[in-house]
Amino acid sequence: MAEQPFLNTYGRLPIVFEHGRGPWLYDVDGNRYFDTFSGIAVCGLGHAHPAVAEAISEQAGRLVHCSNLFHATQQQKLAHRLCGVSGMDGVFFANSGSEANEAAIKLARLYGHQRGVHSPSILVMDRSFHGRTLATLTATGNRRVQAGFEPLVSGFVRAPFNDLDAISAIARSNHSIVAVMLEPVQGEGGVNIADPAWLQGIREICDHHGWLMMLDEVQTGNGRTGAYFAYQSYGVLPDVVTTAKGLGNGVPIGACLARGVAAQTFQPGHHGSTFGGGALACAAANAVIETIRDEDLAERARQLGERIRDRLQRIFQGVDYIREIRGMGLMIGIELSAPCAELVPLAKTQGLLLNVVAERVIRLLPPLTLSDEEADLLVDQLTRVIKLYAADDRQTPRP
Ligand SMILES: *Cc1c(COP(=O)(O)O)cnc(C)c1O
């Protein structure tokens, strides 16, 4: 493929896609590929979902944007729906996950100042991912995301994931902390799942110290893990929750939701976004939420996730190069015993689009709308690719 005029931020596979349907993507030569990660957890309803396409085209002929200096019906509708489904009291609309998290970070700092903490800090986790803006890349627990962009933003303190003692110790010694921000299931970090006792313990620590519990559900939200938001499976209610990826099924939209005192923090002038909550994006998101509700897709994600994990576990039981198969709903990680980035181009030759994170974890994020047959096909094709990869001597991962 000829050189393309892009700034060099992505290593891309040489495929040019032209259209999609459900879990399938079709390239310009008419080849069909199974997309096992839904455009990175974005197209949770699958590509070109008819209800979303209809909502977008209808709205495009009606109203696309009127600014946040006024109300708009689609935005009001979405705000009510999101608060209803999350248990939060209010929402700020942004255009991406990073921006939703920026809103949460600003909210936490303002909350701290309002409580007389002059230099508030936010507790974040190892191996986390919160985005690529300066504040969110600072919050991210991955040096590769940060390196070269110093000076980083001050006001973040880091703790290991799933370690309550570490957080208790920090709470005793550091009185500048006003909030904790974390992903209930770390996506980019390798599909690392929060222990229920850890999340519940964090809720208690937050209550005790007056910290805001802020959950980054940019990736885990919108039905993916088996509930609308992952925290609903843990029996905890955060003070702030952010979401984005699956919310618009591909139309850019992010949301920062808050309840109680956190929802009272921002006043006019504190934060804003020109495009945030535009009528077109809200129309798409309304169609997504309605479809998830009407088709019970969160529960469907839970069942499909179990089906896929059970089959993979049976197939790879006792196989030495597979270290662990884990997941929550349709967020599934297959951890190999060695780095496996070379799986991606190999899978492509077999018509399978794969995503590898944290060097050795195959991350599956298929659409919530998969049929049982498609879920089985995914497992069959993936199994074939992994076995092909392992059979190649040069590539066999060695523990
Ligand atoms: C993708 C992601 C983000 C960043 O979202 P963008 O839309 O790329 O800015 C933040 N947090 C988590 C957990 C994510 O998975």
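Throughout this tour, contact means heavy atoms within 4.5 Å. The model is predicted, so local features need pLDDT of at least 70 and side-chain atom pairs count only at pLDDT 80 or more, while totals for chains, interfaces and linings use all residues. Residues are numbered from 1 along each chain as its sequence is written, and side-chain values use heavy atoms, with hydrogens and water left out.

**Stop 1: glutamine 75**

Select glutamine 75, which sits in helix H3 (residues 73–86); helices (H or I, at least four residues) and strands (E, at least two) are DSSP runs, numbered from the N terminus. Glutamine 75 counts as buried because its relative accessibility is 15%; buried means under 20% relative accessible area, exposed over 50%, and partly exposed in between (1.4 Å probe, protein chains only). Beyond residues up to four places away in sequence, glutamine 75 touches Asn68, Phe93, Gly276, Gly277 and Cys282. With asparagine 68, glutamine 75 forms a side-chain polar contact of 2.9 Å. A polar contact is a pair of N or O atoms within 3.5 Å; within protein, one must be able to donate a hydrogen and the other to accept it, and residues adjacent in sequence count only if both atoms are side-chain atoms.

**Stop 2: the ligand**

Next, select the ligand and display the residues around it: Ser96, Gly97, Ser98, Asn101, Phe129, His130, Gly131, Glu183, Asp216, Val218, Gln219 and Lys245. Which helix gives the largest share of the shell? Helix H4 (residues 97–114) does, with three residues. By class, the shell holds two nonpolar, seven polar and three charged residues. Here Ala, Val, Leu, Ile, Met, Phe, Trp, Tyr, Cys and Pro count as nonpolar, Asp, Glu, Lys and Arg as charged, and the others, Gly among them, as polar.

A backbone N or O atom of glycine 97 lies at 2.8 Å, a side-chain N or O atom of glutamine 219 at 2.7 Å, and a polar side-chain atom of lysine 245 at 2.6 Å. Taken alone, the ligand exposes 380 Å², of which the protein buries 82%; these areas come from the Shrake-Rupley method with a 1.4 Å probe.

**Stop 3: lysine 245**

Lysine 245 occupies the loop between strand E11 (240–243) and strand E12 (254–258). Its relative accessible area is 22%, so lysine 245 is partly exposed. Apart from neighbours within four places in sequence, lysine 245 is in contact with Ile40, Ala41, Val42, Glu188, Val218 and Gln219.

**Stop 4: backbone features**

From that list, move to alanine 41, in helix H1 (residues 38–41). Alanine 41 has a positive phi of about 65° although it is not a glycine. Is alanine 41 buried or exposed? Alanine 41 is buried, with a relative accessible area of 3%.

Glutamate 359 also has a positive phi, of about 70°, without being a glycine. Glutamate 359 lies in the loop between strand E16 (356–357) and strand E17 (361–364), and is partly exposed at 46% relative accessible area.

Finally, select glutamate 150 and proline 151, which are joined by a cis peptide bond with omega of about 5°. Proline 151 is in the loop between helix H6 (143–146) and strand E6 (156–159).

Definitions and conventions. Near = heavy atom within 4 Å.
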